[in-house]
Amino acid sequence: MPPEIIPVDNPAPAETKTKVRKGDAKRERGNRTGFTTGACSAAAARAATLGLLNSEVAETVVCRLPNGSEVSFAVIDGYVEEVAGLAHAVIVKDAGDDPDATHGAHMTADVRLLRHRAGEIVLKGGFGVGVVTKDGLGLEVGGPAINPVPRRNIVDNVRAVAGELLDHDGLEVTISVPGGDEMAKKTLNARLGILGGISILGTTGIVRPYSTAAFRASVVQAVDVAARQGQTSVIFTTGGRTEKFAMKQLPELDESCFVQMGDFVKAAFSSAVKREFPKVYVGAMVGKLTKMCQGLAVTHAWKAEVDRDILAESAQEVGAPPDLVEEIRAAETARFAAEKLAGMGLTVAFHQQLAKKAIRSLKKHYPGNYHLAVLVCDFEGQFICRVDEEEA
């Protein structure tokens, strides 16, 4: 049985309100959303925790996603070992129409009782979950590749159902993915220093088909809608976190002005130029910002890697020492550069340099009579800088 979104008092943002049912004949092929590895892991953990409490794992579980929506997932292979104080549950990942290497993955949770460790919830990575071996990912080296948002979401779902058990005992949650080591070979994980398995990802819990023609078309459609409403500004963001950040920076603008372009820079800017928007804004973090400096029409990770030379040159221009410049040039992520330069107090200057280069690149590739400004946030969605084209 495929997952089904259940309405709640605090609905998801507009892009996640649509009910998602596999096989829905009304939805166009290529436009069906799915669920992240993080959401499926949280659902498995919640199901196993309930199984431990009830001495039986149910066939479905309702899980709260990071975006606030509640979703019912089918559970397979559930069992409880009461003597060992252990429960096991599996959620099969449905990635929707996104061409995702983890589609069909068996996201597995084993929840074990930690007697006399009141309130503790220990999260571990098991087989098939990658191990972090390099800096620059915002995760502890040597720890599991479970990103911060899904990490919190897993713990929150476990805590929500554990109830009084945590008054006297704790729980150990181990997330594993059978076959995750093979799935990881189809990703850039090894290049990023994540070895032995996949990453547990997702900031909303929802996978949108960023790599399909349908999503590209939806970007164009969103720009058209804003134009038809008489808006004079359009704000392109790369995802939910940057959109939320941009909305805080530009509270005077109507919601229809904000368009999640995802990876589709060309589709977004070409539409804005065609519709003759006087003002265009971009909300981005360091990785996508660097790819805009590169002039990429599509910024998806599978299309092209981040140009480390741009990062290194920008670091050099703001006063980074030569040895760090070379480290950045050799690193695998833009985040590595951002974190190293933050430690030197160069965060704002570094991101300003990238924003200026992005503006010059975007105006070159998408010329038009519009004013362009770039808003940059950090990995937590906090403001770093704003650069207008006059400064570039």
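The model is predicted.

The secondary structure comprises 12 helices and 19 strands. The chain holds 392 residues, and a compact globule of that length would have a radius of gyration near 21 Å. The chain has 22 Å, so its value agrees with that of a compact globule. Along the principal axes, the C-alpha trace spans about 70 × 55 × 35 Å.

Among contacts with a separation of 6 or more, 67% join residues 24 or more positions apart. Of the 392 residues, 52% are buried.

The chain exposes about 17500 Å². Carbon and sulfur atoms supply 49% of this area. The chain carries 45 positive and 49 negative charges. The mean position of the positive charges lies 5 Å from that of the negative charges.

T299 sits in the loop between α8 and α9. Helix α8 covers residues 286-293, and helix α9 covers residues 308-317. The relative accessibility of T299 is 1%. The cut-off for a buried residue is under 20%. T299 therefore counts as buried. Residues up to four places away in sequence were left out of its contact list. With these set aside, T299 touches G262, D263, V265, K288 and K291. Thus a loop residue, T299, is buried at 1% relative accessibility, and its contacts include K288 and K291.

Methods. Residues are numbered from 1 along each chain as its sequence is written. This is a predicted model: local features need pLDDT of at least 70, side-chain atom pairs count only at pLDDT 80 or more; totals for chains, interfaces and linings use all residues. Side-chain values use heavy atoms; hydrogens and water are left out. Helices (H or I, at least four residues) and strands (E, at least two) are DSSP runs, numbered from the N terminus. The radius of gyration is taken over C-alpha atoms; the globule rule is 2.2 Å times the number of residues to the power 0.38. Buried means under 20% relative accessible area, exposed over 50%, partly exposed in between (1.4 Å probe, protein chains only). Contact means heavy atoms within 4.5 Å. Accessible areas come from the Shrake-Rupley method with a 1.4 Å probe; for residues, only the protein chains shown count as cover. Lys and Arg count as positive and Asp and Glu as negative; His and the chain ends are not counted. The place of a charge is taken as NZ of Lys, CZ of Arg, CG of Asp or CD of Glu.
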